Amino acid sequence: GVTLGQSAMVTGEDRPFGDTWEGLIDYAKENPGTSYATQTALDRMIIEYIAQQEGLDLRIVPTSGGAGMAPLILSGDVDFAYSGGTHSGYADSGEMPVLLSLAEDRLAAFPDAPTLQEAGYDINAAEIRVAMVPQNTPDSHVERLAEALEAATQDERFIEITEERILMPVTWMPEDEVTQTLSDQVEGYEALLEELGGLPQDEE
């Protein structure tokens, strides 16, 4: 593991509910059909869980990545959305406020937005950006690559580009820790899927 993901629930400027998660939830409860732009099966599962917990009736709008989501949010055609990192490009302009951090901690560039857990949802959706190799890769090659990656996470140039330009915290996480973390997340997602009764189906 080399960096921590910074995924989030985002919105646009001048929305009737403002730029807070609490404001959005209150608005969505009063306005059935509040629209949400989804990109992945994971964020679709998370929003379905949140909708059930909060009693929301959302209109789900499938999109193809951040390039599909951003125009809908910036134009106001969709109320809020999942973002895997597109929002970081709007950290200075404020055109894409973050409502909720999907990382384990608050986002580096948007510290005012609460985490899932702080908002009262028992989900760990934290993303670790990892380097992987095929299973049959010789141990000596894996060890050499791990040493190089660990050195990279301590390199000032790598840290500057990753944290200051991409706005993604650098971390070093060895193989055993990554494996355990991912295993724990799989168990959590399996429990969530069982609670939801399977993967939700996209609408439009």
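**Exercise 1. A salt bridge and its two partners**

Asp-155 has a relative accessible area of 25%; classify this residue as buried, partly exposed or exposed, and state which residue its side chain meets in a salt bridge.

*Solution.* 
1. The model is a predicted one.
2. A residue counts as buried under 20% relative accessible area and as exposed over 50%, with partly exposed in between.
3. The value for Asp-155 is 25%, so Asp-155 is partly exposed.
4. The salt-bridge partner of Asp-155 is Arg-157, with an N to O distance of 2.9 Å.
5. Arg-157 has a relative accessible area of 61% and is therefore exposed.

**Exercise 2. Salt bridges and sequence separation**

State how many salt bridges are counted, and determine which parts of the chain are tied together by the pair Lys-29 and Glu-54.

*Solution.* 
1. A salt bridge requires a side-chain nitrogen of Lys or Arg within 4 Å of a carboxyl oxygen of Asp or Glu.
2. By this rule, five salt bridges are counted.
3. One of them joins the side chains of Lys-29 and Glu-54, at 3.5 Å from N to O.
4. Because Lys-29 belongs to helix α1 (residues 21-30) and Glu-54 to helix α2 (residues 41-54), the pair ties together parts that are 25 residues apart in sequence.
5. Lys-29, at 42% relative accessibility, is partly exposed, and Glu-54, at 22%, is also partly exposed.

**Exercise 3. A salt bridge in a loop**

Locate Arg-106 and Glu-118 in the chain, and give their separation in sequence.

*Solution.* 
1. The side chains of Arg-106 and Glu-118 form a salt bridge with an N to O distance of 2.9 Å.
2. Arg-106 lies in the loop between β6 and β7, and Glu-118 lies in the loop between β6 and β7 as well, so the pair ties together parts that are 12 residues apart in sequence.
3. The relative accessible area of Arg-106 is 37%, which makes this residue partly exposed.
4. Glu-118 is partly exposed too, at 48%.

**Exercise 4. Surface patches**

Identify the residues of the negative surface patch, and find which helix supplies the largest share of them.

*Solution.* 
1. The negative patch consists of Asp-139, Glu-143, Glu-147, Glu-150, Glu-175 and Asp-176.
2. Helices α4 (139-152) and α6 (175-196) each provide at least two of its residues.
3. The largest share, four residues, comes from α4.
4. Glu-150 is located in α4, and its relative accessibility of 32% makes Glu-150 partly exposed.
5. A nonpolar surface patch is formed by Val-130, Met-132 and Leu-182, which together have about 260 Å² of accessible area.

**Exercise 5. Backbone angles and a buried serine**

Describe the phi angles of Asp-14 and Leu-167, and then decide whether Ser-101 is buried or exposed.

*Solution.* 
1. Asp-14 is not a glycine, yet its phi is positive, at about 60°.
2. This residue, Asp-14, sits in the loop between β2 (8-11) and α1, and at 78% relative accessibility Asp-14 counts as exposed.
3. Leu-167 is likewise not a glycine and has a positive phi of about 60°.
4. Leu-167 lies in the loop between α5 (156-165) and α6, and its relative accessible area of 18% makes Leu-167 buried.
5. Ser-101 is part of strand β6 (residues 98-101); its relative accessibility is 0%, so Ser-101 is buried.
6. A polar atom of the Ser-101 side chain lies 3.1 Å from the backbone nitrogen of Ala-103.

Methods. Residues numbered from 1 in each chain as written. Predicted model: local features only at pLDDT ≥ 70, side-chain atom pairs only at ≥ 80, totals over all residues. Heavy atoms only, no water. Patch = residues over 30% accessible without salt bridge, like charges linked within 9 Å, V, L, I, M, F, W, Y side chains within 5 Å. Areas by Shrake-Rupley, 256 points an atom, 1.4 Å probe, with all protein chains shown as cover. Lys, Arg positive; Asp, Glu negative; His and termini not counted. Charge placed at Lys NZ, Arg CZ, Asp CG, Glu CD. Buried < 20%, exposed > 50% of the residue type's maximum accessible area, 1.4 Å probe, protein only. Polar contact = N/O pair within 3.5 Å; in protein donor to acceptor, adjacent residues only side chain to side chain.
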